[in-house]
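Keep the view open as you read and try to find each residue as it comes up.

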Amino acid sequence: MTIMVLGANGPIGAAIQSLLESTDRPYIMVSRAPSGQNSHAADREDPAAVLDLIHAYKVNSVIDVIAYTEHASVALLKAVETEIDRYVMLSSADVYRNYGLLNRKERGVAQSILTEESPLRLSRFPYRGDTARMPDDPDFWMDDYDKIPIENAVKDMRCSWSILRLPMVYGSHGKLNRLSWMMTPMQNQSATFEIDTATLNWVTTYAFIDNVAAAIIHATAHSGAANQVFNITDSQPSPHRDWINALAEISGWRGRLVETPARVVSPHNPLDWTVPLAIDGTRFYQRTGFQPPVARIDCLRRVWLEARQDANV
């Protein structure tokens, strides 16, 4: 039976496709502007078009990469729930209350580690500002972005489902090049790397895109993933200091890390860097037997080598 990937054009969709190509599982990639192998055109907000592809290709699992807003998701969930066996929603660690505390939209005591039972945000629409975005703004949709109500709707689906809460996914290119700021002084062979203490000590969770894609595919068929919420990780949460030190060793950088005074938390700098986003992914490993295919040291080597190649192009 076939896997359908909704939202195929982004980096996570591309990573999922790359892994699927190495297996014997049939799949189709679906987006409004398809390109490449096994790609098909359909708008996620047009459930009838999605259903046509589900029926034509005997789809039994749907991976929804772009479940961003409630109003664009509910009709789709209702349409597919009796037509497939498993719906996999990609959610985010931004559902947790710690994220609201980090952005100073909520008050309270932060949790040092986030499990699937940790409190969720009480505030809604985490990326909505004080002023509404204009309709012609490419980020207009972010005013209504919120994974929490979509998660609630998924839990009511009649088919089996899996909700995967992702940390900060990193790769080597484009929007997922989240480690580039750490590598720039090393690429430039700078004598010093100045960084404030608060950023150095901030504890968060990153996960390599290939490991995330492998976990997503694993969740489409494993019985232990049915009707469960999971955090997805591939390494222990750690402060930025540890990531910088690991990259320095891989790159051979011999410069000096210079700590500057900690950032002041103020209305002009709203993030509270004392609030961690430390995600515990133990449950997914224990219940499904998943193991990340790429070790962290190899992930960092790949990111470093590909960043150097990009710089030399």
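## Ground rules

This is a predicted model, in which local features need pLDDT of at least 70 and side-chain atom pairs count only at pLDDT 80 or more, while totals for chains, interfaces and linings use all residues. Residues are numbered from 1 along each chain as its sequence is written, and side-chain values use heavy atoms, leaving out hydrogens and water.

Helices (H or I, at least four residues) and strands (E, at least two) are DSSP runs, numbered from the N terminus. Buried means under 20% relative accessible area, exposed means over 50%, and partly exposed lies in between (1.4 Å probe, protein chains only).

## Strand β4 and its partners

Let's begin with β4, which covers residues 59–64. This strand is mostly covered, with six of its six residues buried. Two strands count as paired if DSSP finds at least two bridges between them. By that rule, β4 pairs with β1 (residues 2–6) in the parallel sense over five bridges, and Met4 has Val62 as its bridge partner in β4.

β4 also pairs with β5 (residues 86–92), again in the parallel sense, over four bridges. There, Asp64 has Met89 as its bridge partner in β5. Together with helix α3 (residues 74–80), β4 and β5 make a right-handed β-α-β unit. Right-handed means that, with the strands pointing away from the viewer, the path from the first strand over the helix to the second runs clockwise.

## Helix α5

How enclosed is α5 by the rest of the structure? It is largely enclosed, because six of its eight residues are buried. These buried residues are Lys147, Ile148, Pro149, Ile150, Glu151 and Val154. Their cover includes α3, β5 and β6, where contact means heavy atoms within 4.5 Å.

At the start of α5, a side-chain oxygen of Asp146 reaches to within 3.1 Å of the backbone nitrogen of Ile148. This is a polar contact: a pair of N or O atoms within 3.5 Å, where, within protein, one must be able to donate a hydrogen and the other to accept it, and residues adjacent in sequence count only if both atoms are side-chain atoms.

## Salt bridges

A salt bridge is a side-chain nitrogen of Lys or Arg within 4 Å of a carboxyl oxygen of Asp or Glu. The structure holds eleven of them. One joins the side chains of Asp64 and Arg44 (2.9 Å, N to O). Asp64 sits in β4 and Arg44 in the loop between β3 (39–41) and α2 (47–56), so this pair ties together parts that are 20 residues apart in sequence. Both Asp64 and Arg44 are buried.

Glu151 forms another salt bridge, with Arg165, the closest N and O atoms being 2.7 Å apart. Since Glu151 belongs to helix α5 and Arg165 to strand β6 (residues 160–166), the pair ties together parts 14 residues apart in sequence. Glu151 is buried at 1% relative accessibility, and Arg165 is buried at 2%.

## A loop residue: Asn103

Where does Asn103 lie? It is in the loop between α4 (97–102) and α5 (147–154). The side chain of Asn103 reaches the backbone oxygen of Tyr99 at 2.9 Å.

Leaving aside neighbours within four places in sequence, Asn103 is in contact with Pro270 and Leu271. Asn103 and Pro126 are 23 residues apart in sequence and 8.4 Å apart in space, C-alpha to C-alpha.
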